[in-house]
2 protein chains.
Amino acid sequence: MHRMAALPPASVLTQLSANKVFGGYQKIFSHESSVLGCTMKFGVYFPPQYEDKPLPVIFWLSGLTCSEANFIEKSGAQRYAAEHGVILVNPDTSPRNLNIDGDSKDWDFGVGAGFYVNATQEPWKTNYQMFNYVNYELHSTVADNFQVTGAQSIMGHSMGGHGALVCALKLPGLYKAVSAFAPISNPINCPWGQKAFSGYLGPMETGNWEEWDASKLVKKYNGPPLPIFVDQGTGDKFYKEGQLLPENLVVACKDGANLINLVLEMRDSYDHSYYYISSFIGDHIKRHATILNAK
Amino acid sequence: MHRMAALPPASVLTQLSANKVFGGYQKIFSHESSVLGCTMKFGVYFPPQYEDKPLPVIFWLSGLTCSEANFIEKSGAQRYAAEHGVILVNPDTSPRNLNIDGDSKDWDFGVGAGFYVNATQEPWKTNYQMFNYVNYELHSTVADNFQVTGAQSIMGHSMGGHGALVCALKLPGLYKAVSAFAPISNPINCPWGQKAFSGYLGPMETGNWEEWDASKLVKKYNGPPLPIFVDQGTGDKFYKEGQLLPENLVVACKDGANLINLVLEMRDSYDHSYYYISSFIGDHIKRHATILNAK
């Protein structure tokens, strides 16, 4: 398990914005992250039910190049969160404003591309600890600042779909449900993953890449039975280019992941965009809410 | 009436993008506008029903600073258009890339701020003919390129809410329904409208401003009975600052607009953003579709 020695303290939050939407409030907060060593922003949607009682939380992890804004502005998720009475929390995709040499050269590495791993290599390892940030610091910050039930789940898109799968698989029991839109399902076998893991974790031979690959992690998963819902558009150019490889995850589950119940849903002609996400985020939130709200 | 001497010819369209969303396709086209003298972009959402039959059209006019992208990416309207089987068409908010002296100095005048009027003043009158563009050239382009029933309506936000009201009031019978989110309802009495009308139309004394003000136009409307649905958030800072003045439109209708049935719906604590629009666009599209789909 990847438990941190001690949970980082919950941060003091600064509210940057609040917009009423579907009867609740979409807010953006910033805080000083001790895990990442920089100021981070994240979104929280509080549905109208939040006025009356603590609620479960769904975490959303975004994909390459995204900040906290894309999901908030384009997914339309607030409508469904309001319908089902769940809080949505979505962090940024990497540390920001550190000016580490090389962090902004490529759109698929560094800023906007933290890949939700804990980097072990210089110059990244001091700050690029997105796995610890998401699963520990952000969690404790949410739990200490908001009224939550403790029931939580995770979902994400593309790089964030990879992140959601890896978080759920590496921390059994922490998330009651996991789903992913067009996830990078087998990063050690695709160009995006190989580039990111080489940089953050070092060469394949010595970098323990398999510890951060959903198609490897499912095979040794031994936590509570875990349903995984994976969604993939057939018109997605990154799928066609072999960056996503959801079929490898399916095969891996068949090969020996007895505790995993994987469903891969193919969506005819949908692409990789937020238009696609917006079309099915309601389906995902409904699935999560059913599990999160179960007594 | 503001009929053009001859309808401008429908333009040849270039499809810039197509994304599947809610079973249909969100597309963006560009064309050479002879009315505006520049290349223009507009969005069209084709719901899944479009595969089988011609459909009615709802035109959407956006507000200050917007391009064709904001509504497409942030309103969530596609879901409701798919539900009700209507096409959505949304043009840009001004001519673009003309580099007219002064057209990009202010965010509330010139580029992104055409105000849906036909300018009479130099240097704007050659190109800033947004009323003619929306109601004639865009209409003929839509009618000639897509399978439409001929039933159409119009809605908009802020400056585009003003635009929707003025289009419906100046061209009786052209639109079967009109609604507006936080419209500039009485532009001759607010700073935004006074600035824009001064620039595009000349001084109040000689510029025929009342011909472009919904609160004036309702009083002399004599077309078919026209229901107007106006939506306003009570937390909208521009409302509080007196830029929108929907109450003036209510008073004007009571004063002597027998053919107008105005409903003003106040939305508690909602602001001026697309979060607000996304919360109620479903209500608006349902109202329009009921009228557009009536036999």
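Guide: One definition before we start: rings of Phe, Tyr and Trp (its six-membered ring) pair if their centres lie within 6.5 Å, and planes over 60 degrees apart count as edge-to-face. Also keep in mind that this is a predicted model.

Visitor: OK, so how many aromatic pairs are there over all chains?
Guide: By that rule the count is 42.

Visitor: Show me one. How do the rings of A:F59 and A:Y175 sit?
Guide: Their centres are 6.3 Å apart and their planes are at 80 degrees, so the pair is edge-to-face.

Visitor: And where are A:F59 and A:Y175 in the chain?
Guide: A:F59 is in strand β4 (residues 55–61) of chain A, while A:Y175 lies in the loop between α4 (159–170) and β7 (178–181), so the pair ties together parts that are 116 residues apart in sequence. Both A:F59 and A:Y175 are buried.

Visitor: What about B:W124 and B:Y128, how are those arranged?
Guide: They form an edge-to-face pair, with 5.3 Å centre to centre and 80 degrees between the planes. B:W124 and B:Y128 are buried too.

Visitor: Which residues of chain A form one aromatic cluster?
Guide: A:W60, A:F71, A:F181, A:Y270, A:Y276 and A:F280.

Visitor: Switching topic: how many residues are in contact between chain B and chain A?
Guide: 23 residues of chain B are in contact with 23 residues of chain A. The two chains bury about 1900 Å² between them, with 46% of it on carbon and sulfur atoms. On the chain B side, B:K20, B:E73 and B:Y275 lose the most area to chain A, together 34% of what that side buries.

Visitor: What about polar contacts and salt bridges across there?
Guide: Eleven residue pairs are in polar contact across the interface, and the salt bridge count between chain B and chain A is two. One of the bridges joins A:E73 and B:K74, whose closest N and O atoms are 3.5 Å apart.

Visitor: Which parts of chain B supply that side?
Guide: β1 (14–21), β2 (24–33), α1 (69–74), α2 (77–84) and α9 (274–292) each supply at least two residues. By class, the side of chain B that touches chain A has nine nonpolar, eight polar and six charged residues.

Visitor: I've got my eye on B:N19. Buried or exposed?
Guide: Buried, with a relative accessible area of 13%. B:N19 is in strand β1 of chain B, and its side chain makes a polar contact with the side chain of A:D271 at 2.6 Å. The residues B:N19 touches include A:S273 and A:Y275.

Visitor: Are A:E68 and A:K41 buried or partly exposed?
Guide: A:E68 counts as buried, at 5% relative accessibility. A:K41 is partly exposed, at 35%.

Visitor: And where do B:R287 and B:D283 lie?
Guide: Both are in helix α9 of chain B, four residues apart, about one turn of the helix.

Key: Residues are numbered from 1 along each chain as its sequence is written. Chains are lettered from A and ligands numbered from 1 in the order in which they are written. This is a predicted model: local features need pLDDT of at least 70, side-chain atom pairs count only at pLDDT 80 or more; totals for chains, interfaces and linings use all residues. Side-chain values use heavy atoms; hydrogens and water are left out. Contact means heavy atoms within 4.5 Å. Buried area is the accessible area (1.4 Å probe) that two parts lose on being put together, summed over both. A salt bridge is a side-chain nitrogen of Lys or Arg within 4 Å of a carboxyl oxygen of Asp or Glu. A polar contact is a pair of N or O atoms within 3.5 Å; within protein, one must be able to donate a hydrogen and the other to accept it, and residues adjacent in sequence count only if both atoms are side-chain atoms. Ala, Val, Leu, Ile, Met, Phe, Trp, Tyr, Cys and Pro count as nonpolar, Asp, Glu, Lys and Arg as charged, and the others, Gly among them, as polar. Rings of Phe, Tyr and Trp (its six-membered ring) pair if their centres lie within 6.5 Å; planes under 30 degrees apart count as stacked, over 60 as edge-to-face and the rest as tilted. Buried means under 20% relative accessible area, exposed over 50%, partly exposed in between (1.4 Å probe, protein chains only). Lists of a residue's contacts leave out its neighbours within four places in sequence.
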